[in-house]
Amino acid sequence: MTKLSVNINKIATLRNARGGNVPNLLVVAKDIEDFGAQGITIHPRPDERHIRYADARELKDTVMTEYNIEGNPNKNFIALVLDVKPTQVTLVPDAEDAITSNAGWDTIKHHDYLKDVIKTFKEYGIRTSIFVDPDTAMVEGAAKVGADRIELYTESFAHNYGIAKNLEDKNAAIQPFIDAAKTATKLGLGINAGHDLSLDNIKFFKENIPNLLEVSIGHALICEALYFGLDNVVNMYLHKLK
């Protein structure tokens, strides 16, 4: 079964909108695990507009499943990850002012940089994943810099699947991801995926991507929870990921 890691950035956004501690991020993270999710993901950004660095440290003692911290590995982010020592760190090349992640790494251009960063994390026993577009060359580059896993950036799949008129269109939307996943498997890389995956498209994605270990879902899941409830939505995803 593919693991579900829930990104709780949007919970922090809601809390920060009014100040105070409602909703309580730590309680929500624990509840999500109790509902059945196998992981918690956070993506702190330099301006701490949603997840704060203090949250990352406090969650260390709360998260009992897999703890995944995403972000661009600047000096402060690296220090945070080495302090917290999560289960996994996912390297994402987002700019400081990015609203959300919008591209994968160029693992060829940034080979030396990524190799050095990953070496540091792995010395501390932290599993490393690199956020990449569904491009076999970028997947090959991820293997060369020493990553343990890749996280496939799925925005293009979600968009093209959403406008697909028939099965042929859906198959075209997912084919680059199938090719990237097969390359990753051949190179011994684990496969994660995330960005714009939702209840509408997750089953098709899961059924077509070989060896999919984990999906990280935040924005869509929290939006869906407004209608169905958080407990229900987590279990709806778990059912589709079987």
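Phenylalanine 204 has a relative accessibility of 13% and therefore counts as buried (under 20% relative accessible area, with exposed meaning over 50% and partly exposed in between, for a 1.4 Å probe and protein chains only). The model is predicted, so local features need pLDDT of at least 70 and side-chain atom pairs count only at pLDDT 80 or more, whereas totals for chains, interfaces and linings use all residues. Residues are numbered from 1 along each chain as its sequence is written, and side-chain values use heavy atoms, with hydrogens and water left out.

**Aromatic pairs**

- Tyrosine 161 and phenylalanine 204 form a tilted aromatic pair, 5.3 Å centre to centre with 45° between the planes (ring centres of Phe, Tyr or Trp, the last by its six-membered ring, within 6.5 Å; planes under 30 degrees apart are stacked, over 60 edge-to-face and the rest tilted).
- Because tyrosine 161 lies in helix H7 and phenylalanine 204 in helix H9 (residues 202-208), the pair ties together parts that are 43 residues apart in sequence (helices are DSSP runs of H or I with at least four residues, strands runs of E with at least two, numbered from the N terminus).
- Tyrosine 161, at 15% relative accessibility, also counts as buried.
- Phe157, Tyr161, Phe177, Phe204 and Phe205 form one aromatic cluster.

**Helix H4**

- In helix H4 (residues 75-84), the buried residues are Phe77, Leu80, Val81, Leu82 and Val84.
- Just after H4, lysine 85 adopts a positive phi of about 55°.
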